Amino acid sequence: MNKKTKKLPDGKGHFNGYGGRFVPETLMPALIELEQAYKKCKKDKEFLSELELLQKTYIGRPTPLYFARRLTENLGGAKIYLKREDLCHTGAHKINNALAQALLAKKMGKTRLIAETGAGQHGVATATGAALVGLECEIYMGSEDMRRQSMNVFRMRLLGAKVTEVTTGSKTLKDAISESLRDWTTNVRNTHYILGTVFGPHPYPEMVRDFQSVIGQEARRQILKAEKKLPDCLIACVGGGSNSIGLFYAFLQNNIRMIGVEAGGKGIESGLHAARFAGGSLGVFQGCKSYLLQDDDGNVLTTHSVSAGLDYASVGPEHCYLRDLNRIEYTYATDDEAMKAFELLSRTEGIIPALESAHAIAETVKIAPAMPKDAVIIVNLSGRGDKDVQEVARIKGITL
Ligand SMILES: *Cc1c(COP(=O)(O)O)cnc(C)c1O
């Protein structure tokens, strides 16, 4: 930590006024139990070595830090490295958190895991973690999302999870989160709720950050080995904010430019986006105080992005804090820019990125050409694009 970035959150989960624990009384015991269990496990050698072994033998860590030579040549500026989270088991960084929380739940003596999912990626990661440690699993998913992501619904069921349809509200992710919180309130004795990003009530933003920070710890070692120096710039996409903070956290004390890229959708003026910093304001949503897309009466707005993983109305509280400090810059990429970046990386490197990660590539396309050739950028490739191929074909009007 440098002088400016304090070690946060404080004991109540605040990142300088953001975050906190805005939940009904009935949920407080569960959150306090979780917080205490997490504090204990963080220092428990047995837990940590079990997690490390699974990271290595099951997830496939450390993931490579890959020098993207042809993309670098194509853009003609800074050297671009990709942190290959797309090579994690199940195809994205989400398993880093889901598996660690599954292990924690097992240690706490819980017999059942629940989670919410939008596109299904976090649901699949949770169902995977549950199968691995041998716990019962139920996933809440909006009926609209279930229809759009039928393949992931089937995947979760194959992994032994029960997928429960949520038919309230907009029938999407935020309604599934509300349903999960309700379930947890009722079944807290035997159930652990695996939240999928650095959001929600304390201790989730801190705990998920810690579980994802393995990304940056590895990247730091890897770039020092490859380039004999630290990078000049880090870039990652920001949905809830877990893959980005996961990469950035180990570099926060260094003087390195960091850029978080939100979903610009069809442009900020169109209102069809999920750029909370560019178009949102401060509010309380799903247990947490943070930037939020809301109308003048505080109603949460519907969001839009070509990538389901970035399509959320709020953002992790620690990001608000780091933005206030000017420690991290936040920008956005539009659907069109992400689509172009998706095709560019596929053609130049033979890597089809997740549409979420394509937002980070889109920002790289904008800034790398003007940087000197000895400058180094690390881009977090948060996931692989297999899940998006069909959607991209549909948008391009191609019948498969
Ligand atoms: C879910 C997801 C994201 C967005 O979530 P963060 O918490 O912001 O990381 C980004 N990329 C991929 C591949 C995802 O599945």
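In which loop does P62 lie? P62 belongs to the loop between α2 (45-59) and β3 (65-67); helices (H or I, at least four residues) and strands (E, at least two) are DSSP runs, numbered from the N terminus. The tour returns to this residue below.

The model is predicted: local features need pLDDT of at least 70, side-chain atom pairs count only at pLDDT 80 or more, and totals for chains, interfaces and linings use all residues. Residues are numbered from 1 along each chain as its sequence is written, and side-chain values use heavy atoms, with hydrogens and water left out.

**Stop 1: the ligand**

Select the ligand and the residues around it. There are 18 such residues, and K94, T197, G239, G241 and S242 come nearest; a residue is near a molecule if one of its heavy atoms lies within 4 Å of it. This shell divides into 5 nonpolar, 11 polar and 2 charged residues. In this division Ala, Val, Leu, Ile, Met, Phe, Trp, Tyr, Cys and Pro count as nonpolar, Asp, Glu, Lys and Arg as charged, and the others, Gly among them, as polar.

Next, display H93, G239 and N243. An N or O atom in the side chain of H93 is 2.9 Å from an oxygen atom of the ligand. For G239, a polar backbone atom is 2.7 Å from a ligand oxygen. At N243, a polar side-chain atom lies 2.8 Å from an oxygen atom of the ligand. The protein buries 97% of the 380 Å² that the ligand exposes when taken alone (Shrake-Rupley method, 1.4 Å probe).

**Stop 2: a salt bridge**

Select K79 and E227. Their side chains meet in a salt bridge at 2.7 Å, N to O; the term denotes a side-chain nitrogen of Lys or Arg within 4 Å of a carboxyl oxygen of Asp or Glu. Because K79 lies in strand β4 (residues 79-84) and E227 in helix α10 (residues 214-227), the pair ties together parts that are 148 residues apart in sequence. A search of the whole structure finds 31 salt bridges.

**Stop 3: backbone features**

Most residues other than glycine have a negative phi, and most peptide bonds are trans. Return now to P62, which a cis peptide bond joins to R61, with omega about -5°. Then select L8 and P9: a cis peptide bond joins them, with omega about 10°. P9 is placed in the segment before β1 (14-15).

Finally, select Q286, in the loop between β11 (281-285) and β12 (288-292). Its phi is near 45°, a positive value in a residue other than glycine.

Note on methods
Polar contact = N/O pair within 3.5 Å; in protein donor to acceptor, adjacent residues only side chain to side chain.
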